[in-house]
Amino acid sequence: MVQSFNLQGVIYAFRVLTRPRLVVPHSVVKDIRDINYQKLKEGGIQTIAFDKDNCLTAPYDNQLHPPFKDSWNECKKVFGTNIVIVSNSAGTSDDHQYNKAKAIEENLGVKVLRREEKKPGGGEALLKYCKTTDPSTIAFVGDRLLTDVLFGNLNGMFTIFTKQIVTEKGDNPIALKVFVNSLHQCLLIISFIKTFS
């Protein structure tokens, strides 16, 4: 199953040319097992939002990646019902009758945000869902710089980049190529910013 073309992603990518810091995450971890959920909560994060594909599950799969089970349970223990999945493959117009979203909710035990716009657009839908006007109380976790990190940063959220994907198998080949290229570019940007800051 492949997602439809993400025009929003292309449009927003041009913003990065003039504002490269938009793709620099606040935190970089290997995967979700390295996230200290309690520390996030104590630091003022009230809601944690996740991308799904290659962050929590294999691409287009509805089951949690098995090694993440303990970390996922810890996240649910700390944040309770204040966890939401924001995926471009589920909960959007690509998801007929939201069947994928419903299956993910059943398997992972958290809500999938329904929305019209794909990331990096559509931040207002997440704020509305979280019932907050303060985006700094939301942490956004994802594996793609040009969708997940850009989405979170554009909307004033605390962004966490998971640098190790679950698997390349079954992934969108164009998105995967963009991921590899954007990872390289982000590392260059971070290096540049640190050099001249």
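Among contacts between residues at least 6 apart in sequence, what share joins residues at least 24 apart? In this predicted model, the share within the chain is 69%, where a contact means heavy atoms within 4.5 Å. Residues are numbered from 1 along each chain as its sequence is written, and side-chain values use heavy atoms, with hydrogens and water left out. Local features need pLDDT of at least 70 and side-chain atom pairs count only at pLDDT 80 or more, while totals for chains, interfaces and linings use all residues.

The chain holds seven helices and six strands, taken as DSSP runs numbered from the N terminus (helices: H or I, at least four residues; strands: E, at least two). Read from the N terminus, the elements follow the order α-β-α-β-α-β-α-β-α-β-α-β-α. Of the 197 residues in the chain, 51% are buried; buried means under 20% relative accessible area, exposed over 50%, and partly exposed in between (1.4 Å probe, protein chains only). The accessible surface comes to about 10,200 Å², and carbon and sulfur atoms contribute 55% of it. These areas come from the Shrake-Rupley method with a 1.4 Å probe, and for residues only the protein chains shown count as cover.

Just after the helix, Gly80 takes a positive phi of about 55 degrees.

Helix 5 (residues 123-130) can be read in the same way, with Gly123, Leu126, Leu127 and Cys130 buried. Their arc of only 100 degrees around the axis puts them on the same side of helix 5. An α-helix has 3.6 residues a turn, so residues three or four places apart point the same way. Glu124 and Lys128 are exposed on the face turned away from the buried side of helix 5. The buried residues of helix 5 pack against strand 2 (47-50), strand 3 (83-85), strand 5 (138-142) and helix 6 (145-154).

Cys75 counts as buried because its relative accessibility is 0%, and Cys130 is buried with a relative accessible area of 16%. The structure holds zero disulfides, a disulfide being a pair of cysteine sulfur atoms within 2.5 Å.

Most residues other than glycine have a negative phi, and most peptide bonds are trans. Asn54 is not a glycine, yet it has a positive phi of about 65 degrees. Its place is in the loop between strand 2 and helix 3, and Asn54 is buried, with a relative accessible area of 0%. Lys131, also not a glycine, has a positive phi of about 55 degrees and is found in the loop between helix 5 and strand 5. At 77% relative accessibility, Lys131 counts as exposed. Finally, the peptide bond from Lys119 to Pro120 is cis, with omega near 15 degrees, and Pro120 lies in the loop between strand 4 (111-112) and helix 5.

Terms used: Arc of directions from axis to C-beta.
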